[in-house]
Amino acid sequence: PGMGDDTRPWGPPWLPDAQGNPTQDSSYFSSINRNKRSIAIDLANAEGAALIRRLAGKADVLIENYKVGDLARRGLDYAALSAINPRLVYCSITGFGQTGPLRERPGYDYIFQGVGGLMSTTGHPDGVPGGGPMKIGASIVDISTGLYAAIAILAALRERDASGLGQYIDMALFDTVAALSPHQVAALFLSGRVPGRTGTSSAGIMMPYETFKCADGHLIVACGNNSQWQALCKALARDDLATDPRFVSPSTRQINRDVALAELRKTFAVLPVDDAAAKLDAEGVPNGRINNLKEVFDMDQAHVRGLRVAVVADWGGATVSPAMWTLLENAADWLIAEMGLRRVDDVDTTLPNMGAAWSISGMISIRHELGDLWPACADDLTPEIRAGLELTEGRYGAEARHRIELRRGQLNERMAE
């Protein structure tokens with residue numbers, strides 16, 4: 001109470017306001033809560049529980065993250081709400097799921113990386129410098145559980161199209177992390193050997209599938225078949241490796257990996273990263289540098305793919321978030337607008353004077369309010385708003401405005417009920 005989401009104070013850094021001053025919302029909070037509309041409801045109060053039932057009665061999907069049994073005690077579990085709305089898709093996300101001896105235990109991403117075996121295969125082996133279990137830098141279990149939940153919800157909605165009925169989805173972080181190691185699990189049950197940590201190598205998959213130290217940095221190299229191995233040997237002028245009978249197949253290369261890697265390391269050690277990458281690129285050998293996040297978003301590839309979007313808060317402050325809108329080519333522009341986002345390239349180039357104050361969705365709202373007064377009233381508007389309206393009109397058009405306003409109207413009606 002009085003604070004909201006636990007992640008809101010997880011700063012610094014903090015989300016800035018329109019003047020660039022820090023607010024009390026952390027960058028973590030803003031990165032995962034964009035475009036969410038919220039209301040505070042006391043579930044322990046009978047009126048609050050009744051309000052949830054009213055919302056669920058018209059909802060397509062309900063997602064909850066309470067401890068096992070909490071909502072059932074309040075009459076808000078799937079059995080109760082599906083009786084009100086049989087078309088409801090109800091998704092519960094917990095640490096260990098709704099069943100089993102650990103179902104009531106709480107947990108966070110880091111814990112499940114350990115409990116679910118992920119850290120047993122991540123990091124350098126014991127006995128070498130820096131050896132020991134290591135977590136993955138990203139919150140991979142949280143993110144993957146969200147993705148699995150979204151996929152399950154979409155499948156349930158498609159099934160509802162045929163049956164007319166919703167269903168219950170029991171999603172667990174524990175289940176998700178176990179599913180993130182499919183080839184290691186397969187090897188475990190086929191061989192009986194417990195997979196271990198191999199650092200930046202990947203024993204048992206491909207050879208090389210490795211990070212090599214070059215003269216001025218590191219380069220990742222992957223060879224998944226014989227033609228790529230031959231291309232690698234050609235790129236490095238190592239004909240001796242190409243014809244060595246110990247390396248003629250993926251299996252023999254895996255068996256003799258220590259010998260092959262020792263030779264490759266000697267060759268890469270004297271090459272600058274750029275030179276090594278150029279040689280491998282020329283022969284079509286998969287390879288990649290190890291970038292930090294700034295380098296990732298500075299890449300021309302990232303700009304072309306539109307991977308950066310600005311998330312604009314109600315008060316005008318903005319933060320940058322990664323996006324995958326290129327996967328939705330036919331609907332990307334209007335979807336970006338509906339979600340209150342804007343491409344960073346638009347902010348940096350097309351509208352240099354607008355700063356963080358206006359989002360595309362804001363422009364569309366203004367355009368909708370002006371109605372038939374536009375464009376006759378253009379001279380009465382500030383240059384910044386006029387430029388934004390012109391951009392919005394040309395890029396998103398009437399169809400996008402119609403879809404967005406229709407959706408907003410539906411949301412407002414539900415919130416008012």
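Biologist: Which residue lies over the face of Tyr-110?

Modeller: Lys-135 does, at 5.4 Å from the centre of the ring. Keep in mind that this is a predicted model.

Biologist: How many aromatic pairs does a search of the whole structure find?

Modeller: A pair of aromatic rings is described by two things, the distance of the centres and the angle of the planes. Here the search of the whole structure finds eight aromatic pairs.

Biologist: Is Tyr-90 buried or exposed?

Modeller: Tyr-90 is buried, at 1% relative accessibility.

Biologist: Let's turn to cysteines. How many disulfides are found in the whole structure?

Modeller: A disulfide is a covalent bond between the sulfur atoms of two cysteines. The search of this structure finds zero. Take Cys-233: the closest cysteine sulfur is in Cys-223, 7.7 Å away, so the two are too far apart for a bond.

Biologist: What are the buried residues of helix 8?

Modeller: In helix 8 (residues 226–235), they are Trp-229, Ala-231, Leu-232, Cys-233 and Ala-235. Cys-233 has 1% relative accessibility. The cover over these buried residues includes strand 7 (218–222), helix 9 (239–243), helix 10 (250–255), helix 11 (257–269) and helix 12 (273–282). After helix 8 comes Ala-237, with a positive phi near 55 degrees.

Note on methods: Residues are numbered from 1 along each chain as its sequence is written. This is a predicted model: local features need pLDDT of at least 70, side-chain atom pairs count only at pLDDT 80 or more; totals for chains, interfaces and linings use all residues. Side-chain values use heavy atoms; hydrogens and water are left out. Rings of Phe, Tyr and Trp (its six-membered ring) pair if their centres lie within 6.5 Å; planes under 30 degrees apart count as stacked, over 60 as edge-to-face and the rest as tilted. Buried means under 20% relative accessible area, exposed over 50%, partly exposed in between (1.4 Å probe, protein chains only). A charge sits over a ring if NZ of Lys or CZ of Arg is within 6 Å of the ring centre and within 35 degrees of the ring normal. Helices (H or I, at least four residues) and strands (E, at least two) are DSSP runs, numbered from the N terminus. Contact means heavy atoms within 4.5 Å. A disulfide is a pair of cysteine sulfur atoms within 2.5 Å.
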